[in-house]
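Try each task before reading its solution.

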Amino acid sequence: SGINAEYGESVVTFVDLASSLRFKYKMLLLLALFSSLLTLTRSDLKIANTPSGPGGVPHCARTCAGVGFWNGTGTRSGDGWENSSEFPGKAYMQVKIEQCDFVSLPVFTANVRSEHSARSLCSPVVQRSLFTSHFLVYASEDITVATMESKQCDVHWTAFGYICS
């Protein structure tokens, strides 16, 4: 580039413009290459085994997490907590995990947290039944649905499984 002394203006030559475009093109190419490398890197998820048996194909492994809310959102029936007829005095929840697309039984963890965490403690839960589409947790203490709902006890969960075989 040069300066037009008479008018004090900058003059851009074709060579400068081409050089600038080459630099931008190179940077764009470098960004695309870097992005591609990031998507090709392996994750650190390794599943040793699942309730369905030994581990599966590593690239099919998935981590999925969510919340079954006391008001029914994220639950299989849409009702939230339900009273157990099998274990009288226990509330239970059927948490929906079908959105994870597992093809075999995953490993999962679940705990309960009140939406009023500073003011309420929820009953701990016990894992009962597991399917590829949902799981059941039961309150480990004798507690009613009304109590779990009044405390707004949500089930927070994480599942690790396979989405292909």
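**Exercises on salt bridges**

D142 is exposed, at 60% relative accessible area. The model is predicted.

**Exercise 1.** Find the partner of D142 and say where both residues lie.

Solution. Start with the contact. D142 forms a salt bridge with K90. Their closest N and O atoms are 3.3 Å apart, and the cut-off is 4 Å. Next, place the residues. D142 sits in the loop between β10 (134-139) and α2 (145-150). K90 sits in the loop between β6 and β7. The pair therefore ties together parts 52 residues apart in sequence.

**Exercise 2.** Which residue pairs with R128, and is R128 buried or partly exposed?

Solution. R128 forms a salt bridge with E86, with the closest N and O atoms 2.6 Å apart. R128 belongs to strand β9 (residues 125-130), while E86 is in the loop between β6 (81-83) and β7, so parts 42 residues apart in sequence are tied together. Now check the surface. R128 has a relative accessible area of 42%. Buried means under 20% and exposed means over 50%, so R128 counts as partly exposed.

**Exercise 3.** Locate the salt bridge of D101 and classify its partner.

Solution. The partner is R62, and the closest N and O atoms are 3.9 Å apart. D101 lies in the loop between β7 (91-96) and β8 (107-114). R62 lies in strand β5 (residues 61-68), 39 residues apart from D101. R62 has 26% relative accessibility and is partly exposed.

**Exercise 4.** How many salt bridges are there by this rule?

Solution. The count is three.

How values were computed
Residues numbered from 1 in each chain as written. Predicted model: local features only at pLDDT ≥ 70, side-chain atom pairs only at ≥ 80, totals over all residues. Heavy atoms only, no water. Salt bridge = Lys/Arg side-chain N within 4 Å of Asp/Glu carboxyl O. Helix = DSSP H or I, 4+ residues; strand = E, 2+ residues; numbered from the N terminus. Buried < 20%, exposed > 50% of the residue type's maximum accessible area, 1.4 Å probe, protein only.
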